[in-house]
Amino acid sequence: SGSTDCICYSTVGISDPVTSALHIIVGDCQPLDVSSVHHNNMFLKYSVSLLGYGFYGDILKDSEKKRWMGPMRYDYSGFKTFLSHHYYEGTIAYQPAKHTHSSPRDKESCRMGCYICKKSEKQLAEQHKERGLKHEEGEEEWKVIKGKFLAINAVNMSCACPRSPKGLSPAAHLADGSADLILVRKCSRFDFLRYLVRHTNQDDQFDFPFVDVYRVKCFQFTSKLSEDNESNVMDIGKKHFGQFCRDHPACCCNIVNSTWNCDGETLDSSAIEVRVHCQLMKLFARGIEENYKDEAAYSQSSIEQLL
């Protein structure tokens with residue numbers, strides 16, 4: 001399911017077609033949270049894994065122009081995007097996921113029969129029954145963050161893959177009705193490289209002063225350009241100059257808008273609203289089994305001994 005197979009790795013633990021076929025035959029069922037993406041109250045797309053603005057959005061936008069390179073285009077575009085080191089200014093508003101019994105910084109990974117997902121589902125159902133979804137969303141407090149960001153990522157699952165065994169958010173849950181919102185603020189290239197390297201090892205990738213992570217049930221993002229255009233609609237010259245800079249990024253001006261990467265597809269609108277829908281769909285899977293790697297290693301050693 002895509003270039004990295006992150007959905008398969010996050011829900012099964014391995015991208016083996018025989019394993020997936022067996023899950024279908026047995027009839028295993030794994031519920032999955034889905035995020036809906038909107039712009040000006042208009043539905044755009046659904047997302048089940050990654051929503052990325054800034055670094056991952058720029059990689060996707062650049063790689064789409066180089067499909068002739070094959071899978072190598074991601075490495076090339078990633079290196080090029082890292083060197084460009086673009087940051088984007090904007091405002092993020094989010095509602096914390098108070099119903100969930102976990103946080104992105106704990107060590108509770110989502111596994112088969114996850115009790116956190118079950119508790120969160122039950123708590124959400126009770127809240128909706130007592131107060132109603134619309135009333136509840138209007139009642140809860142929105143938190144607002146303004147700044148300059150190298151990357152804004154929202155994940156519904158860990159997004160683990162062979163290159164990043166733990167994923168973008170190791171403690172993200174598949175079916176708890178929340179997403180992990182990861183904000184990487186403007187920093188030096190060296191610090192950003194340190195952050196990226198953390199995705200390939202066992203160190204905590206959130207343990208940086210320029211990285212913030214929140215467990216949310218919905219969020220909104222508005223770029224600085226959109227805010228300026230809304231507050232100063234009569235400044236036509238500025239608007240046209242901004243368009244010129246976007247069309248010709250070789251000039252000395254900093255690029256003002258990035259592109260949203262929605263599960264490997266681009267979104268043209270930079271200002272979006274995202275809502276997480278608890279367990280909206282179901283997969284033929286059972287979640288990652290506890291000690292799966294240990295069991296696999298044990299089975300392999302046993303086979304080798306028999307041979």
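Analyst: A pocket is an open set of points on a 1 Å grid over the protein atoms alone, with protein on both sides within 12 Å along at least five of seven lines; a cavity is a set of points where a 1.4 Å probe fits but cannot get out, and lining residues have an atom within 4 Å of a point. This is a predicted model, in which local features need pLDDT of at least 70 and side-chain atom pairs count only at pLDDT 80 or more, while totals for chains, interfaces and linings use all residues. Residues are numbered from 1 along each chain as its sequence is written, and side-chain values use heavy atoms, with hydrogens and water left out.

User: How many residues line the largest pocket, and which lie nearest its centre?

Analyst: Rolling a probe the size of a water molecule over the atoms shows where empty space is left. Here the largest pocket has 35 lining residues, and those nearest its centre are Thr4, Tyr56, Tyr74, Cys161 and Arg163. Its volume, taken as the space filled by probe spheres set on grid points joined across faces, edges and corners, is about 1300 Å³.

User: Which helices supply at least two residues each to that lining?

Analyst: Helix H1 (6-11), H3, H4 and helix H7 (189-197) each do so, helices being DSSP runs (H or I, at least four residues) numbered from the N terminus. H4 gives the most to this lining, with 5 residues. By class, the lining of the largest pocket holds 17 nonpolar, 11 polar and 7 charged residues, where Ala, Val, Leu, Ile, Met, Phe, Trp, Tyr, Cys and Pro count as nonpolar, Asp, Glu, Lys and Arg as charged, and the others, Gly among them, as polar.

User: What lines the largest cavity?

Analyst: The largest cavity, with a volume of about 60 Å³, is lined by residues including Phe55, Asp58, Thr81, Phe82 and Ser84. Helix H3 (55-63) and helix H4 (72-84) each supply at least two residues of that lining, and H4 again gives the most, with 3 residues.

User: How do H3 and H4 cross?

Analyst: Two packed helices are described by the angle between their axes and the distance between the axes. The axes of H3 and H4 come within 9 Å and cross at roughly 130°. That is why H3 is oblique to H4. Among the residues that meet are Phe55, Asp58 and Ile59 in H3, and Tyr74, Ser77 and Thr81 in H4, contact meaning heavy atoms within 4.5 Å. The residues of this contact divide into 5 nonpolar, 4 polar and 4 charged.

User: Which cut-offs lie behind the axes and the word oblique?

Analyst: Axes are lines fitted to C-alpha atoms, for helices over the stretch in contact, with angles from 0 to 180 degrees between N-to-C directions; angles under 35 degrees count as roughly parallel, over 145 as roughly antiparallel, 65 to 115 as roughly perpendicular and the rest as oblique.
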